[in-house]
Amino acid sequence: AQEDPVVCQENVKLGLANVPETMMWTLHNRCSVARRKDGWFQDPKAVEIYNAIDYDFEKSFGKGESSHAIRATVFDEAIKEFWKESPNGTVVNFAEGLETQRFRLQECMAEDALWISIDLPDGMAAREKFIQPDEKHLHLGVSVLNVGAWMSLVPRDKPVFFTAQGLFAYLEEDENKYLFQQMAEHFPG
């Protein structure tokens with residue numbers, strides 16, 4: 001099912017700082033590949049968002065490079081493999097920021113699959129300027145460490161795929177341990 005295209009406003013200021021601002025870095029690098037005419041990485045929604053944001057990407061992050069496009073491709077392939085085995089499975093995406101993976105994978109997502117995006121309130125507010133939740137794509141603006149706020153949204157009767165492209169480097173060791181223990185306890189297997 002194709003999602004309705006939403007035209008982004010122009011000159012959007014996000015006002016992000018600190019860790020949430022890193023979503024701009026990953027967007028910049030993905031778009032440095034996606035905007036090339038010979039680009040092996042196709043991501044029109046990311047380019048649309050990139051072009052709509054009033055931000056000096058090169059001043060903040062330098063010339064774009066391909067690392068985040070490569071990373072996104074690896075994660076895309078992992079989710080495709082998960083959905084081959086579990087077509088109605090749930091994807092829980094931690095700290096998704098301005099990642100546009102759901103648009104790249106929309107043709108692979110079954111009608112009864114679910115995508116849950118969990119991000120800090122500032123990150124989710126930035127995301128929702130461009131990407132809206134719907135019945136198949138839930139958004140929750142909380143810390144992933146607030147497991148009581150999001151775990152109840154994850155269906156217990158379907159397989160679950162947890163993904164976090166960059167989050168774990170920003171958590172302390174004890175926070176990562178806590179999160180993984182909670183996931184293992186609530187979603188064994």
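Start with the surface of the whole protein, which in this predicted model comes to about 10,000 Å² of accessible area. Carbon and sulfur atoms account for 51% of that surface. Now colour the residues by burial: of the 189 residues in the protein, 47% are buried.

Switch to a cartoon view. The protein has eight helices and four strands. Followed from the N terminus, the elements run α-α-α-α-β-α-β-α-β-α-β-α. If contacts are drawn for residue pairs with a separation of 6 or more, 71% of them come from residues 24 or more positions apart.

Next, select helix H4, residues 67-85.

Show the side chains of His 68, Ala 69, Ala 72, Asp 76, Ile 79, Phe 82 and Trp 83, which are the buried residues of H4. Look down the axis: these residues cover an arc of only 140 degrees, which means that they sit on the same side of H4. The general rule is that an α-helix has 3.6 residues a turn, so residues three or four places apart point the same way.

Turn to the other side of H4 and select Val 74, Lys 84 and Glu 85, which are exposed.

What lies over the buried residues of H4? The cover includes two helices to select, H1 (22-34) and H5 (101-104). Strands E1 (90-94), E2 (114-119) and E4 (160-163) are also among the covering elements.

Conventions. Residues are numbered from 1 along each chain as its sequence is written. This is a predicted model: local features need pLDDT of at least 70, side-chain atom pairs count only at pLDDT 80 or more; totals for chains, interfaces and linings use all residues. Side-chain values use heavy atoms; hydrogens and water are left out. Buried means under 20% relative accessible area, exposed over 50%, partly exposed in between (1.4 Å probe, protein chains only). Contact means heavy atoms within 4.5 Å. Accessible areas come from the Shrake-Rupley method with a 1.4 Å probe; for residues, only the protein chains shown count as cover. The expected span of a helix is 1.5 Å times one less than its number of residues. The arc is that of the directions from the helix axis to the C-beta atoms.
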